[in-house]
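Keep the structure open as you read.

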Amino acid sequence: MYNISLCYSYGEGLGQDPVRAKRWLQLAADCGHKKALYECGIKLCAAGDKVKCFMYLELATRRGEAAAAHMRDVILESLSVVNAQRAMSDADKWKPRTLHPRPRR
């Protein structure tokens, strides 16, 4: 899913399509892909949603994405205690999405 998002982002093997790239990136993040979680966090930061950004960066850090830890710490400094606690609570409750294969016809 993450690689498909990259293909759509850069037009590698597929036509460049930012909308589909974003959808595939979000799906990969929802399933727990550490780089997708990190990239979604960065995009949320750019959009101004620091609470959700922090949550995604925390999840990416927990999954071993080294680049996410520094960004998470930078965002943490700009959050109120209440918002930081809310973001950590959301991260603690988060579960990766499970995809079920389509039944064969």
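Why does the distance between the end C-alpha atoms of helix 2 agree with its number of residues? Helix 2 runs over residues 18–30, and at 1.5 Å a residue its 13 residues should span 18 Å. The expected span is 1.5 Å times one less than the number of residues. The end C-alpha atoms are 18 Å apart, so the two values agree.

A word on the ground rules. This is a predicted model, in which local features need pLDDT of at least 70 and side-chain atom pairs count only at pLDDT 80 or more, while totals for chains, interfaces and linings use all residues. Residues are numbered from 1 along each chain as its sequence is written, and side-chain values use heavy atoms, with hydrogens and water left out.

Now the overall layout. The chain has six helices and zero strands. Its pattern along the sequence is α-α-α-α-α-α. Helices (H or I, at least four residues) and strands (E, at least two) are DSSP runs, numbered from the N terminus. Along the principal axes, the C-alpha atoms fill a box of roughly 50 × 30 × 20 Å. Of the 105 residues, 30% count as buried. Buried means under 20% relative accessible area, exposed means over 50%, and partly exposed lies in between (1.4 Å probe, protein chains only). Among contacts with a separation of 6 or more, 53% come from residues 24 or more positions apart. A contact means heavy atoms within 4.5 Å.

Start with helix 1. Tyr2, Ser5 and Tyr8 are its buried residues. They cover an arc of only 120 degrees around the axis, so they sit on the same side of helix 1. The arc is that of the directions from the helix axis to the C-beta atoms. Asn3 and Tyr10 are exposed, on the face turned away from the buried side of helix 1. The buried residues of helix 1 pack against helix 2 and helix 3. Just after helix 1, glycine 11 takes a positive phi of about 70 degrees.

Return to helix 2. At its start, a side-chain oxygen of aspartate 17 reaches to within 3.1 Å of the backbone nitrogen of valine 19. The buried residues of helix 2 are Ala21, Leu25, Leu27, Ala28 and Ala29. They pack against helix 1 (2–10), helix 3 (34–47) and helix 4 (50–62). Just after helix 2 comes another glycine with a positive phi: glycine 32, at about 100 degrees.

Next, the cysteines. A disulfide is a covalent bond between the sulfur atoms of two cysteines. The rule here asks for a pair of cysteine sulfur atoms within 2.5 Å. By this rule the count is zero. Cysteine 45 is partly exposed, with a relative accessible area of 23%. Cysteine 53 is buried, at 0% relative accessibility.

Charged pairs come last. A salt bridge is a side-chain nitrogen of Lys or Arg within 4 Å of a carboxyl oxygen of Asp or Glu. How many salt bridges does this rule give? The count comes to six. One of them joins lysine 35 and glutamate 65, with the closest N and O atoms 3.8 Å apart. This pair links distant parts of the chain: lysine 35 is in helix 3, and glutamate 65 is in the loop between helix 4 and helix 5 (66–78), 30 residues apart. Lysine 35 is partly exposed at 38% relative accessibility, whereas glutamate 65 is buried at 10%.

Glutamate 58 takes part in a salt bridge with arginine 62, the closest N and O atoms being 2.8 Å apart. Both residues lie in helix 4, four residues apart, about one turn of the helix. Glutamate 58 is buried at 8% relative accessibility, and arginine 62 is partly exposed at 41%. Glutamate 58 also meets arginine 72 in a salt bridge (3.1 Å, N to O). That pair links distant parts of the chain, with glutamate 58 in helix 4 and arginine 72 in helix 5, 14 residues apart. Arginine 72 is buried, with a relative accessible area of 16%. Salt bridges that share partners join Glu58, Arg62, Arg72, Asp73 and Asp92 into one network.

Notes. Polar contact = N/O pair within 3.5 Å; in protein donor to acceptor, adjacent residues only side chain to side chain.
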